[in-house]
Each structure stands twice: as structure tokens, then as C-alpha cells.
Amino acid sequence: MPEKLPAGVEISISRRSLPSDYKMPTMDMSTDHYSVGFLVSGDRRTITAQQSYDAHAGDVSMMPPYVYHRTVSLSTAPYESFLVKFSPRAAEPLVALMGPAYLSELMEQKIHHFSSMIQVKLLALFEDMVAVYSSGAPYSSLILQGQLLRLLTLIHEEHTGHGADYFPSQLSRAIIDTLARIEQQYAEELRLSTLAESLGYSQAHLSRLFRQQLGSSFTEYLTQVRLRHVCDMLIHTDRSISDIALACGFCNGDYLSARFHAGFGMSPREFRRQARMSAPSHIQ
């Protein structure tokens with residue numbers, strides 16, 4: 001899930017170990033940062049409204065802001081990766097040196113391949129970035145920026161091949177239209193029947209497409225979208241659970257807590273507490 005950068009932070013990095021069959025539960029996009037991912041192990045497919053493409057162990061993936069996407073598994077290999085998020089401001093020194101189109105051109109090639117030797121260098125650099133980010137040292141943000149610029153330069157100079165092999169999106173026009181409407185109206189009372197009618201599709205057709213293309217029912221998908229927005233508000237605001245429930249389409253705080261516990265195995269308050277405790281000390 002493309003969570004926003006913490007307040008006052010220009011660069012964040014995490015190492016993730018997830019089940020081999022992990023998939024993003026909903027389509028989503030970042031609004032405040034670029035992303036660079038390094039796939040240590042696993043095989044992943046990224047699905048956007050326009051196209052899909054695959055990444056494998058040793059590849060670097062790029063994602064600019066405002067690209068609606070979802071990733072799913074392609075194999076049973078363990079899924080381990082690094083993910084760097086950075087604001088446009090963090091890359092300004094490199095953009096000033098290389099030109100205004102540098103970053104957009106780098107991001108345009110969604111997947112970058114590398115030799116085995118460069119993959120080792122990339123792994124070491126990502127691990128160093130995690131250590132610096134977690135240290136909480138007062139100068140860590142400056143070091144991280146230097147590491148980010150080195151990372152982007154290394155990707156630009158050492159990638160091999162033509163990048164991603166693109167193929168048509170797995171999402172139909174009907175699903176794309178429906179997902180866009182869900183994102184706009186998730187806080188309202190939404191029913192598949194009325195949504196289908198307003199978009200000019202039959203309820204049975206949309207229900208079937210949800211199962212085929214997203215692997216879930218309309219109701220399951222809508223709940224996941226709402227919970228995603230709940231998580232964002234728990235992390236980035238101090239609003240009460242009751243207020244967040246109403247803002248995200250749940251009838252009350254108790255019902256939200258029940259759905260949240262079913263989805264995440266903890267209460268919203270516990271999620272908020274853990275999220276804030278796990279943030280490096282220099283960004284709390």
C-alpha cells in the first residue's frame with residue numbers, strides 16, 4: 001500500500017518480507033512520492049489501468065506518483081524486497097545537474113535489469129540505506145539523500161536490456177470505471193446494483209468481473225478500500241476512531257473496529273500505536 005511519507009520526511013526506506021502469494025488488496029497510487037523497489041526474491045506482476053508488466057528477483061522497479069496500480073504474485077518464491085520512497089525535492093540536486101527530464105525518463109522505464117555484480121552492489125546500498133534510516137541520527141537525512149542520489153545514478157548507468165515487457169492491462173473498462181467511482185465515493189453508502197446502473201453496466205456482469213479480475217467480491221473490495229483509508233488516517237491524523245469510521249464509510253467505531261480486527265488481527269488503536277512506535281525516532 002503506497003502510504004504517504006511521514007510528515008517532514010523526504011526519504012523513507014523499508015525491507016519487506018511477505019507471503020509468497022501476497023497481493024495488494026486494492027488498486028492504489030501515491031500522491032506525494034516516487035518509489036524505487038528492489039526485488040530480492042520473488043516474482044511480481046504490476047497491473048495498471050493501461051498496461052501490465054512483470055518483475056523478478058534482481059530487478060529494480062520504478063513508480064512515479066499518480067499511477068493507479070496493484071501488484072500480485074506470479075510464483076511461490078518467497079517475496080522479499082526493499083522499497084524506497086522519496087519526494088521530488090529529495091532528488092532536486094540530481095535533476096538540477098542532469099536536466100528536468102532526468103527523473104521522468106528514469107521512471108518511464110518501469111523495470112530495470114542488472115548484471116549479477118551490480119545486483120550485489122544494489123543489495124548492499126539498500127541495506128546501508130535501511131541502517132541509516134533506522135539509526136535516528138541527526139544527520140541521517142543528509143546521508144540518505146546522498147545514498148538516494150547514488151542509487152538513482154547507479155540505476156541509470158548500470159541497467160541492461162530494454163526494461164519491462166508490457167502487455168495489455170488485465171482490467172476491463174467496466175472494472176476501471178467502477179474502481180474509479182469507488183475511490184471517489186468510498187465514504188458513502190455504495191451498493192453494486194446502484195453503482196452498476198449509474199455506470200451503464202449490469203449488476204451480474206460487474207459482480208462476475210470483480211471475481212475474475214480482482215479475485216474478490218464487490219463488498220470485499222469496497223471494505224479493503226475503506227480500511228486502506230482508515231490506516232492512512234490512523235497514521236497521519238489524531239482523529240478519534242468514531243470520526244475515522246464515519247469519514248471512511250463505516251456506520252460507527254465499533255463496526256470499524258470489528259472489521260479492522262478481522263482484516264489486520266489488531267484493533268485500530270493498537271495499529272496506530274505500533275505504527276508510531278516503529279517510526280524512526282527522528283521522524284516521531
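**Figure 1. Overall fold of the protein chain.** The predicted chain holds 11 helices and 9 strands. Its C-alpha trace spans about 55 × 40 × 35 Å along the principal axes. The radius of gyration is 20 Å. A compact globule of 284 residues would have a value near 19 Å, so the chain agrees with that expectation.

**Figure 2. Interior and surface of the protein chain.** Of the 284 residues, 46% are buried. The accessible surface comes to about 13,900 Å². Carbon and sulfur atoms account for 53% of that surface. Among contacts with a separation of 6 or more, 76% join residues 24 or more positions apart.

**Figure 3. Crossing of helices H8 and H10.** Two packed helices are described by the distance between their axes and the angle between them. H8 covers residues 218-236, and H10 covers residues 253-264. Their axes come within 11 Å. They cross at roughly 100°. An angle of 65 to 115 degrees counts as roughly perpendicular, so H8 is roughly perpendicular to H10.

**Figure 4. Residues at the H8–H10 contact.** H8 contributes Thr223, Leu227, Val230, Cys231 and Leu234. H10 meets them with Leu256, Arg259, Phe260 and Phe264. By class, the contact residues divide into 7 nonpolar, 1 polar and 1 charged.

Conventions: Residues are numbered from 1 along each chain as its sequence is written. This is a predicted model: local features need pLDDT of at least 70, side-chain atom pairs count only at pLDDT 80 or more; totals for chains, interfaces and linings use all residues. Side-chain values use heavy atoms; hydrogens and water are left out. Axes are lines fitted to C-alpha atoms, for helices over the stretch in contact, and angles run from 0 to 180 degrees between N-to-C directions. Helices (H or I, at least four residues) and strands (E, at least two) are DSSP runs, numbered from the N terminus. Angles under 35 degrees count as roughly parallel, over 145 as roughly antiparallel, 65 to 115 as roughly perpendicular and the rest as oblique. Contact means heavy atoms within 4.5 Å. Ala, Val, Leu, Ile, Met, Phe, Trp, Tyr, Cys and Pro count as nonpolar, Asp, Glu, Lys and Arg as charged, and the others, Gly among them, as polar. The radius of gyration is taken over C-alpha atoms; the globule rule is 2.2 Å times the number of residues to the power 0.38. Buried means under 20% relative accessible area, exposed over 50%, partly exposed in between (1.4 Å probe, protein chains only). Accessible areas come from the Shrake-Rupley method with a 1.4 Å probe; for residues, only the protein chains shown count as cover.
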